[in-house]
Amino acid sequence: MKQNLSTKLLRQPYIVWSVLFILAPLAMVCYYAFTDKSGAFSLNSISQIPSYLSVFGKSILYGAVATVICFFLSYPFAYALSKAKLSAQKTMVMLVMLPMWMNFLIRTYSWMTILGRSGLLNKFLSLFGVESIKFLGTPGAVILGMVYNFLPYMILPIYSVLSKLDNSLIEAAKDLGCNRLQVFKRVVFPLSLPGILSGVTMVFVPCVSTFYITQKLGNGQIMLIGDIIEMQFQQANNYNLGAALSLVLMVLILICIGVMNRFGSSEENGGALYI
Amino acid sequence: MEKIIDLRNITVKYGDNTVLEDLNLYINSKEFITLLGPSGCGKTTTLRVIAGFVEPDSGEVVFEGKVINDVPPHKRRVNTIFQRYALFSHMNVYDNIAFGPEIQKKSRKEIDQTVSEMLELVNLKGFEKRSIDSLSGGQQQRVAIARALANKPHVLLLDEPLGALDLKLRKDMQKELKAIQKRMGITFIYVTHDQEEALSMSDTVVVMDKGKIQQIGTPEDIYNEPVNAFVADFIGESNIVDAVMLDDYKVTFGGSVFKCLDFGFEKNEVVDAVVRPEDIKIVEIGKPASLTGKITSVTFKGVHFEILVDVKGFIWMIQTTEYHEVGKSIGMYIEPDAIHIMKRSEYSGEFGDYSYFSDEMDHISDATYNWEEEENEAKSFD
């Protein structure tokens, strides 16, 4: 197709942007991953990866747990929201997005003051004579931080798909003999899969690679891959290993998303979610 | 014939807005019945009451002898073809059609057989694996028909099913739907605002307006013997004029006296007279049983010319194959059997003459006229 000049011109800034901020950094990551300190080609950093496999596994596990929790919290909420009155929907969407207007670091930091040894929660519990409980530094606290921070990214895409669902599809399903549960299983849920997939992606990816949440709420006692990578750059000053780890993480995440999408699209084509 | 559906004193309200008012209608088995009316007349709501999506505020829905007010939609032996088909885009053609039988837990063999029968019925053999998005509008329409019929309904409800198709395809589908109805031998309840569609397909036409039934009858009855000005105006073109019944078989309007076939009115009763535009003959001025008027506009319509004539300030429409010039004065002869006399009704005078064709143009400059009211029905489905 022929494109006129204005289309081409409009595209330019985006191309420049992609090259500068997406392709160039990627190239740099690759460069560092396959070189040593002197800049010569080396597989040294890549060969160290196997010793970090358990951390990779742990990160993916944490990310998966947080994502699953997010999903089970979000779906019923998004579903109820999509059925609510229009004015109520607007207000609730606002409330869901409100925390996102505040800085991520501050939000996480504030959980520290809630969960700390002499934090709000423990103070509250002490009213009932409960002894101070250690929250910070536990896997629970880290997962809580992940769920809390990324929940809106799961709610919004699911809500957006559900609210656009044509009501006549639901009526058609009822008309063809579905009870409420069957309507949900066979029509509503499969049709909301695209929203679920983008929600899962948007929650899972940042969860797997986070380091701030583990640092603050994990108290430095829980090391995920994000922390290791951050350490290579900030403390160990080993850009090459850091880059190699980042690269592998990226590939792993791509594989995870690929598997999920395949699962999702096969649902869409095959269609049959049998009851 | 046997009654399959009986609607008794059905009233449906959305807040203050009464959508159906004390509606009574029975539908015979194996009948092709059409609910016809302008948007907001309550025809779709009537369909939804039968399907079970709308619960009437009062009245009874009787289906095959049983009151089914409390029966949820999925347990009713009726199926619906929705306005925009409402096909499941996450399934292919086969799964869409197999949807109903699968819910009913039919055996795989039975399902396969039903699907292939249905595909054959709608001429879509070999389309099993196709995705819905890859089909044209007409094909999607056929899948929707197949999907609804695969459930072996006793009654099929069709909610303006052809609205999204282009004119030629619509005509083909009209024929095909009629043929399918004959072949399956089930009751079709068809909703449309297209009077031509209603006349050409139905055994019985139900003309509705403002939540009430205006007239029930065969297409011929509805066209030839409209009961009031609304029906006369809505079905085809008509000149509806204030008239006075001088005696049995004798009526006067537009300053002339005409013979007619109607009787049983009181002497000098004020009535509405309907004359179809194709029934007016252009003759020399001064003949008996004729009006005199001046041509104000001539439009070529293909089959005929549409001529607007000013008779003492009332604009008449004539359809004729002869060309006449604008500005010419003519005589308009009307035969006795071309005149249909109706009792005065709430609609008398509302439709006026042919100064404007549409209701909208009649009100277009009226800032106080409330269009919302007309559209309320469409919005308050949930």
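User: How many of the 10 residues of helix 11 (residues 225-234) of chain A are buried?

Analyst: Buried means under 20% relative accessible area, with exposed over 50% and partly exposed in between, using a 1.4 Å probe and protein chains only, while helices (H or I, at least four residues) and strands (E, at least two) are DSSP runs numbered from the N terminus. By that rule 7 of the 10 residues of helix 11 are buried, which leaves the helix mostly covered; among them are A:Ile225, A:Ile228 and A:Ile229. This is a predicted model, in which local features need pLDDT of at least 70 and side-chain atom pairs count only at pLDDT 80 or more, whereas totals for chains, interfaces and linings use all residues. Residues are numbered from 1 along each chain as its sequence is written, chains are lettered from A and ligands numbered from 1 in the order in which they are written, and side-chain values use heavy atoms, with hydrogens and water left out.

User: What is the area buried between chain B and chain A?

Analyst: The size of an interface is often given as the accessible area lost when the parts come together; here buried area is the accessible area (1.4 Å probe) that two parts lose on being put together, summed over both. For chain B and chain A the value is about 2,200 Å², with carbon and sulfur atoms giving 54% of it. Of the area that chain B buries against chain A, B:His74, B:His90 and B:Ile103 supply 31%, more than any other three residues.

User: How many salt bridges are there between chain B and chain A?

Analyst: A salt bridge is a side-chain nitrogen of Lys or Arg within 4 Å of a carboxyl oxygen of Asp or Glu, and the count between these chains is 3. One of the salt bridges joins the side chains of A:Asp166 and B:Arg84, at 3.7 Å from N to O.

User: Is B:Asn239 buried or exposed?

Analyst: B:Asn239, which lies in strand 11 (residues 239-247) of chain B, counts as buried because its relative accessibility is 1%. A polar atom of the B:Asn239 side chain lies 2.6 Å from the backbone nitrogen of B:Met317.

Conventions:
Polar contact = N/O pair within 3.5 Å; in protein donor to acceptor, adjacent residues only side chain to side chain.
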